[in-house]
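Q: Please take the assignments in this model one at a time and set each value against its definition.

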Amino acid sequence: MNDFDMLVIGSGPGGQKAAIAAAKLGRRVAVVDRTEMVGGVSLHTGTIPSKTLREAVLYLTGLTQRDLYGQSYRLKEEITVADLTARTRHVVGREVDVVRSQLSRNRVALFPGTGRFVDDHTVAVTDATGHEQLLTARHIVIATGTRPARPASVAFDERTIMDSDSVLNMERVPRSMVIVGAGVIGIEYASMFAALGSKVTVVEQREGMLDFCDVEIVEALRYRLRDLAVTFRFGETVAAVERHPRGALTILESGKKIPADAVMYSAGRQGLTDGLDLAKAGLTADRRGRIAVDEHYRTAVPHIYAVGDVIGFPALAATSMEQGRNAAYHACQEPVNPIHDLQPIGIYSIPEISFIGRTEDQLTEQKVPFEVGVSRYRELARGQIVGDAHGMLKLLVSPEDRRLLGVHCFGTGATELIHIGQAVMGCGGTVDYLVDAVFNYPTFAESYKVAALDATNKMREVDHLRD
């Protein structure tokens, strides 16, 4: 029997940060995870490999350089899966080493295997050989993450019909592809395969995509994807997928038939809780495998916490890390500030999207007055230098107190650029700070000053009319 102050089930971003935070507070901590999954889904099949794949695609296709060197420009004519996965394997391997090193340096015990509850303080860990040992802990953190949801009616074979995990193991780049689902993951992969030259069709039962984003930004992305020959089938539902020797046939309920080399399902995620024996700990999960928690990430059993994707929205690596730390601090009775309401969202499509705060539609619905300031990359020297003529930054500004209500960015470096807006909003800054600030030139950061000037000029016009 092993006694710990904290036992963490899962070593992804949330679990890892919870374990290290507790260890740094002097607690005796253990982590349970399969040997081949140290670092979690995020590291092996999610965030890290997909974003590394995106970088490989951008580099090998030369896509971002075509405005400068012509539409036929490519760094490599025939791009193979081996070309793409070589970089992914290297990055994943290095990141696994980093995670193992961090756990080791902080004296966190790592138990290889899968965990299940025996009671609310005891977890049975089964290793790859089937050997089982019992671990007890004063506090337990569930950080098991999620897996892709798979419709029971679809015969996945990991080669022709895949989900967002198995797509990373493709044998060759498909000439044509159907992607079912226009959520974040579906759109990210649609843009990657379109950049590789695959003829991509996106099928989505809703009437649009990324409906939580700014409408103008989404429209800009849709235009760019259509430019890469992506076809969208909105308001359509897949009735069946037939596997054939030379590919797959996707049949829609409307009667349309779409032939393709491969089909990828991106139909949401399912919490990895079915093997935990939650009932023995006095817990339950909803039909999507998610566990309900309070503001401190405590479950219905106060000494058991849950963090990361397994608790649902926003299901981002960045927020999972903060949830893990907060849960650990609360369990260790350490004072901790709640996670800030202002959290950036990043979508690694090609080009990328990132935003923080409210959208135009939300502000209009809430009857909150706002002014819009826009900066377009094509008007920035940096945009011309890197060859991005399509990107844009949009500021939503309150004309009453001049504070930023939302920042929306589309284009090269959007997920990095958003943090300037986050810092200004988080500190309660106004648009005037951006107007008066001096930015390095030429940079994309300069877009904040251009957009701020645009917004303040519009507000000045209103004020002049009233004078």
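A: Arginine 325 and glutamate 322 form a salt bridge, with their closest N and O atoms 2.5 Å apart. The model is predicted: local features need pLDDT of at least 70, side-chain atom pairs count only at pLDDT 80 or more, and totals for chains, interfaces and linings use all residues. Residues are numbered from 1 along each chain as its sequence is written, and side-chain values use heavy atoms, with hydrogens and water left out.

Q: Why is the contact of arginine 325 with glutamate 322 called a salt bridge?
A: The term requires a side-chain nitrogen of Lys or Arg within 4 Å of a carboxyl oxygen of Asp or Glu. The closest N and O atoms of arginine 325 and glutamate 322 are 2.5 Å apart, so the pair qualifies. Side chains of opposite charge can pair when their charged atoms come close.

Q: Where do arginine 325 and glutamate 322 lie?
A: Both are in helix α8 (residues 317-331), three residues apart, which is about one turn of the helix. Helices here are DSSP runs of H or I with at least four residues, strands are runs of E with at least two, and both are numbered from the N terminus.

Q: What makes arginine 325 and glutamate 322 partly exposed?
A: Buried means under 20% relative accessible area, exposed over 50%, and partly exposed in between (1.4 Å probe, protein chains only). Arginine 325 has 26%, so it is partly exposed. Glutamate 322, at 34%, is also partly exposed.

Q: Which residues of α8 are buried, and what covers them?
A: The buried residues include Thr319, Ser320, Gln323 and Gly324. Their cover includes β1 (2-9), α1 (13-24), β6 (132-142) and β17. After α8 comes glutamine 333, with a positive phi near 55 degrees.

Q: Which parts does the salt bridge of aspartate 274 and arginine 147 tie together?
A: The side chains of this pair meet at 3.3 Å, N to O. Aspartate 274 lies in the loop between β16 (269-271) and β17 (304-306) and arginine 147 in strand β7, so the bridge ties together parts 127 residues apart in sequence. Aspartate 274 is exposed because its relative accessible area is 59%, while arginine 147, at 30%, is partly exposed.

Q: What makes threonine 146 buried, and which side chain does it join?
A: Its relative accessible area is 6%, so threonine 146 is buried. A polar contact is a pair of N or O atoms within 3.5 Å; within protein, one must be able to donate a hydrogen and the other to accept it, and residues adjacent in sequence count only if both atoms are side-chain atoms. The side chains of threonine 146 and arginine 269 are joined by such a contact of 3.0 Å. Threonine 146 lies in strand β7 (residues 146-148).

Q: Why is strand β2 called largely enclosed?
A: Five of the five residues of β2 (residues 29-33) are buried, so the rest of the structure largely encloses the strand. Val29, Val31 and Asp33 point one way, and Ala30 and Val32 the other. In a regular strand the side chains alternate between the two faces of the sheet.

Q: What makes β1 and β2 a pair?
A: Two strands pair if DSSP finds at least two bridges between them. β1 and β2 have four bridges in the parallel sense, so they pair.

Q: How many residues does the largest nonpolar core have?
A: The largest core has 51 residues, and those with the most contacts inside it are Val167, Tyr189, Met209 and Leu210. A nonpolar core is a set of buried Ala, Val, Leu, Ile, Met, Phe, Trp, Tyr and Cys residues joined through side-chain atoms within 4.5 Å.

Terms used. Contact = heavy atoms within 4.5 Å.
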